Amino acid sequence: MMFLPECFDMVCENRKQVFENSETIDGPLITNYRNLASTLNVWLFLGGFHERNKLSKENKVSNAHIVINDKGEIVSIYRKLHLFNLDVPGTRLVESEFSIGGNKVEAPVDTPAGKVGLGICYDVRFPEFAISMAKAGASILTYPSSFTVKTGLAHWEPLLKARAIENQCYVIAAAQTGIHNLKRSSYGHAMIIDPWGHIIAQVGDKTGFAIGEIDLNYLKEIRNRLPVWKDRKPECYGFIIPAKEKNENLIDQQKEYKFGQKMVNSNQVFIKTNLSFAFVNHKPIVEGHVLVSSLKEAKKLTDLTQDEIADLFFTVQKVQILLEKEYKTNSCTVFIQDGKDADQIEQIHVHILPRKPNDSDDIKDKIYEELQKHNNKKRAIRSEEEIANQALKFRHLQA
């Protein structure tokens, strides 16, 4: 398996040159590499191809990491998610001026050396990106790069070692080196790092190549010796609150929360995260009926990002645990009305209702009917004092 660095096809001085010299995936350059892979019977990881985007109206390219198997077939294409935008005195490299960012993490590629996760350069600075690939089964993480000299001197090796150690993966980082033109130089020091953080092969700051061996039995041994994947607690990481701040203080820093066309007073709110909030219902169908909403104004679930959806439902889960403990039950109705025709109030939110065996027959038989008309003006509204007291009680239950 051979790994080439970012910009293996060219390094240009300006946006115009980049676009004029770019090609599509089915162009002559990648076709030649496909023929080379099949002729030599090797896998090629082409680390950063300036892919001409046929749909781009801005003359921008994608930064594509292309995987070609030993039969000459393209088996995966990853387009760089995180674009490097550096504009400081003495150094200017703003990738978004000539590149279009990708929009997803690709599944690790099955290869003879194990599953390989695909990244490019600046992606190395985002631990969540690497974790997502390791969780998907990657044994090897790749970061073909064209690191600047200044950032390379400071961060290149520590970042690569960190990604290897924390994910217990091999890291392969092919890298550009030397002076490309008057505006651009690269740090070099291509290297292969094992899951314990040892550098097993490296090139230095000269042009050349290094050879390393991937030992999946050693990787398994490292993971058994230090079982970080078994010991992780991802269900807790979404609820980090600054250690010195009380939940009610975080909530009260914001006096009102927008909820569709209405405002929710902070004295109704009992949980707030960076992306969601939970509050007491002023017209409950059963005792303990509460709502969880995104902080972002969003009419539908599909208007939320993946992070916002994850946070919303982590918060729902936390609220459900709180309610079941408080009302001594192991059941809740969790309900979403998504969209105008589903009788939603133009803000995505989740209803959570504790349920008990002794719920009245009307509630049991008509719970969804009641939820669909929960804004019915005939239902009694609880007093502000009652709402505030219940919210305060729920806040204290989390302490």
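Predicted model: local features only at pLDDT ≥ 70, side-chain atom pairs only at ≥ 80, totals over all residues.
Residues are numbered from 1 along each chain as its sequence is written, and side-chain values use heavy atoms, with hydrogens and water left out. The chain has eleven helices and 22 strands. Both are DSSP runs numbered from the N terminus: helices are H or I with at least four residues, strands are E with at least two.

**Whole chain**

- The chain holds 399 residues, and 47% of them count as buried. Buried means under 20% relative accessible area, exposed means over 50%, and partly exposed lies in between (1.4 Å probe, protein chains only).
- Take the contacts between residues at least 6 apart in sequence: 61% of them join residues at least 24 apart. Contact means heavy atoms within 4.5 Å.

**Helix pair α3 and α4**

- Helix α3 spans residues 127–135 and helix α4 spans residues 149–167; they pack at about 40°, with axes 10 Å apart. Axes are lines fitted to C-alpha atoms, for helices over the stretch in contact, and angles run from 0 to 180 degrees between N-to-C directions.
- That angle makes α3 oblique to α4. Angles under 35 degrees count as roughly parallel, over 145 as roughly antiparallel, 65 to 115 as roughly perpendicular, and the rest as oblique.
- From α3, the contact uses Pro127, Ala130, Ile131 and Ala134; from α4, it uses Arg163, Glu166 and Asn167.
- The residues of this α3–α4 contact are four nonpolar, one polar and two charged. Nonpolar covers Ala, Val, Leu, Ile, Met, Phe, Trp, Tyr, Cys and Pro; charged covers Asp, Glu, Lys and Arg; the others, Gly among them, are polar.

**Helix pair α9 and α11**

- Helix α9 (residues 306–326) packs on helix α11 (residues 384–397) at about 100°, and their axes are 11 Å apart.
- The two helices are therefore roughly perpendicular to each other.
- Leu322, Leu323 and Glu326 of α9 meet Lys393, Phe394 and Leu397 of α11.
- The α9–α11 contact has four nonpolar, no polar and two charged residues.

**Loop residues with contacts**

- Tyr122 sits in the loop between β9 (114–118) and α3. Tyr122 is partly exposed, at 22% relative accessibility.
- Leaving out residues up to four places away in sequence, Tyr122 touches Lys80, His82, Leu83 and Phe84. Tyr143 is 21 residues from Tyr122 in sequence, and their C-alpha atoms are 8.3 Å apart.
- Ser22 lies in the loop between α1 (15–21) and α2 (28–40). With 7% relative accessible area, Ser22 is buried.
- Ser22 touches Met10, His50, Arg52 and Val61, again not counting residues up to four places away in sequence. Asp9 is 13 residues away along the chain, at a C-alpha separation of 8.8 Å from Ser22.

- Gln168 is not a glycine, yet has a positive phi of about 50°. Gln168 is in the loop between α4 and β11 (170–173), and is buried at 2% relative accessibility.
- Lys328, also not a glycine, has a positive phi near 50°. Lys328 belongs to the loop between α9 and β21 (332–336), and is exposed at 75% relative accessible area.
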